[in-house]
Amino acid sequence: MNTTAKAGELVPGLGKGSIDAKNAESVVKSQNDVQQEDESPSQTSTQLSLRGSAHPAGEAKAKFRLDYSSDAAKDIRRMENGLPVNLPYGEVEDLSEGKSCVYKESRPRGKNHWSCRKCSPENGCKPIQRRGRCKPFPRYLDGQGQVPRVYTSFSPFTSQKSTMRVLHHDGHTAYAQEYPICDAWLSLPCFDLTRCKSSLDGALRIYSHGGTVGEYIEFTTKQHPGLVQKVDDPNDACLFVVSEGSYDRPQDMRNSRLWNHGKNHYIHSSDRLFGTHHDRPFNDKTSFGMAAVATSNMDDAWIREGYDVPLIYYPIWKRPDNFEQLDLHRPRRFLLSFKGDINPGTQRSWQHRWIASEYWYAEPDDVHVDTKCQNSSSVVQNYVNTQPEDYSNLLLDSTFLFCPGGGGINSFRFAEVLLAGAIPVVTSDFLTPFHPDVDWSGCVVRVSDARVIDAPRIVRRISAEEVIDRQKTCARLVDASFGKVHGLIRKHMFFVSMGIWRARIQSALEQKSRIESLISPIH
């Protein structure tokens, strides 16, 4: 394992600040000789329909139009040709060095593909051939491609806040769902802070809707006496908590006399609430309204930061009995590895896996990838190593492991990599547990869609000292977020969530008090 590489950027080529038109044009000219045939869309608009209940009034489908003369569409066409794009927050991803892939969507449909290349200042950019192990994907999942993933809506028939429409996928289907814009200040109509004044200096008063909430509260009280207080009278509650087993059906929850459209409600582990993915938020069967949602099935498009709570996807793999005796910073056989299935779904997570499988094969021996290619009915290519213990060995013998999503936005792999003492490599849309309240930036390594192919070079440029720092940070966050006992991980996540909620409520109350004191009349 090579851990003595020179220190460098985690994502080479990603610089701060925007570039002006002249510099952008010079980059365009320098890459003209490596551009492939023009597959730009025609000048006519295109329309994409998404399943789902998109409006409270019952609109059956949500339709989006992309104007190909717009600045956003021009950026898309530049990305298709591997050219730099000025992002709205000023950062520029420069694809003129290293390996990168861009998704090229052709008209007419049917010729869409990933175009991958390797660039260097000395040799320019040259196409990279895939190895052909797994069949390529025809397109992105609807709602994941070149359309807005979230935007606000306005109704002339309400005096309340506007709602936001989110394009969401649960690993199976894309949905358009509309729900209130609730914020980190815990303001009305989503949250009534006047119910929580006693929580400023005392315990967070919780009313349980039943199910697993009771045992979770009992565990939390043992871990941190005084953090929460379970109340029997709902009039005394600051926060109403729903969890697994509270209700059998979504309509039962919404028909509860305490529901009140989800105001002051927290839904813990919503992806386990009703048992199947068909009832997960936010699809056409379940809407949690104004309630804050905690789930492992959440991406960066629909989280209401500081309100919703991303959770850890529960791990299957368990640490071996001798794990505590292993040196966290021991030399490991592989610098970077990935092992997993590739299914014929078209969402981004499967395509990230496909890129790793098809393009990491030419890397040195310290980069290992082993995939199983499947179609809708059978296995096309099985794993090279089919021994059950091989996955466990990879976890324990890799410094970095790639953690794309799977059947959902998240996967159990992220937690398992952390439990094995390795460093997760995630994509840019991945939400770390308890974001933004818990900072994982010193642990995980992020790569964009375009740079999944270049992950080996990115992690190779991380210095040995930084690797050690990241391992230490990851280990500390694992203990804080998961706990040390595998069977208590779900209870520990609830405990952490309650700590976050009390801190959020106290912060919102303090902020409100400071502002009121500033604007109060001067006597």
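Tutor: Let's start with a definition: two strands pair if DSSP finds at least two bridges between them. Keep in mind that this is a predicted model.

Student: Thanks! Over how many bridges do strand S14 and strand S15 pair?

Tutor: Strand S14 covers residues 265-267 and strand S15 covers residues 292-295. They run in the parallel sense, and the number of bridges over which they pair is 2.

Student: Which residue in S15 is the bridge partner of Tyr266?

Tutor: Look along S15, at residues 292-295. The bridge partner of Tyr266 there is Ala292.

Student: Which strands are the edge strands of the open sheet of 6 strands?

Tutor: The order of this sheet is S12-S11-S13-S14-S15-S16, with parallel pairing. An edge strand pairs on one side only.

Student: At about what angle to S11 does helix H10 run?

Tutor: Helix H10 spans residues 489-519 and lies across S11, S12, S13, S14, S15 and S16. Relative to S11, helix H10 runs at about 125°.

Student: And at about what angle to S12 does helix H3 run?

Tutor: Find helix H3 at residues 213-223, lying across S11, S12 and S13. Its direction relative to S12 is about 140°.

Student: In which strand is confidence lowest?

Tutor: The chain has a mean pLDDT of 78, with 72% of its residues at 70 or more. Confidence is highest in strand S20 (residues 398-402), at 98. Where pLDDT is low, the predicted coordinates should not be read in detail. The lowest confidence, a mean of 28, belongs to residues 46-50, strand S2.

Technical notes. Residues numbered from 1 in each chain as written. Predicted model: local features only at pLDDT ≥ 70, side-chain atom pairs only at ≥ 80, totals over all residues. Heavy atoms only, no water. pLDDT = per-residue confidence, 0-100. Helix = DSSP H or I, 4+ residues; strand = E, 2+ residues; numbered from the N terminus. Contact = heavy atoms within 4.5 Å. Axes fitted to C-alpha atoms, helices over the stretch in contact; angles between N-to-C directions.
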